[in-house]
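Dear colleague,

I am handing over the structure below, and my notes on it follow. Please read them with the model open beside you.

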Amino acid sequence: MTCTAAKERVKTMDITSYTIEYIQDPTGILTGDRYEYFLDIDVDEDDELYSENGIKLRVLYYKNGEDERILNYHFVESHSGNILDFALDEVEEKKVSAFCRENLSQAQE
């Protein structure tokens with residue numbers, strides 16, 4: 001499912017659109033639900049994260065009752081799919097987590 005987001009400010013990044021998919025657990029071993037987000041982001045040209053080819057943030061998000069959190073994430077160059085070696089700072093991670101939590105209902109419809 002592809003959705004357009006109102007520009008959500010994440011420090012030096014703007015989330016412009018996203019996709020979200022529910023990840024099936026074929027074994028039934030894992031507890032809780034997992035979702036994969038691909039957040040399309042815009043960054044300033046002078047930001048070290050900037051790429052002419054565009055940047056996505058791939059987020060693996062977990063929900064089990066009231067427990068919701070980011071399990072893992074990677075910055076990915078849109079054109080090539082190459083994983084970029086960058087990390088979110090604490091404030092950015094909280095904002096991305098809040099964005100995922102607020103938009104989780106899109107995958108549950």
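**Asparagine 72 and its surroundings**

If neighbours within four places in sequence are left aside, asparagine 72 is in contact (heavy atoms within 4.5 Å) with Arg58, Val59 and Leu60. This is a predicted model, in which local features need pLDDT of at least 70 and side-chain atom pairs count only at pLDDT 80 or more, whereas totals for chains, interfaces and linings use all residues. Residues are numbered from 1 along each chain as its sequence is written, and side-chain values use heavy atoms, with hydrogens and water left out.

Asparagine 72 belongs to strand β5, residues 67-77; strands (E, at least two residues) and helices (H or I, at least four) are DSSP runs numbered from the N terminus. Its relative accessible area is 35%, so asparagine 72 counts as partly exposed, the class between buried (under 20%) and exposed (over 50%), with a 1.4 Å probe and protein chains only. From C-alpha to C-alpha, asparagine 72 lies 8.3 Å from arginine 58, and the two are 14 residues apart in sequence.

Valine 59, with neighbours within four places again set aside, is in contact with Asn72 and also with Tyr35, Glu36, Tyr37, Leu39, Ile70, Tyr73, Val96 and Cys100.

Helix α1, residues 90-102, has 13 residues and reaches 18 Å from its first C-alpha to its last, close to the 18 Å expected at 1.5 Å a residue, where the expected span is 1.5 Å times one less than the number of residues. Within α1, the buried residues include Val96, Phe99 and Cys100.

The protein has one helix and six strands, in the order β-β-β-β-β-β-α along the sequence. Of its 109 residues, 37% count as buried. Among contacts between residues at least 6 apart in sequence, 46% join residues at least 24 apart.
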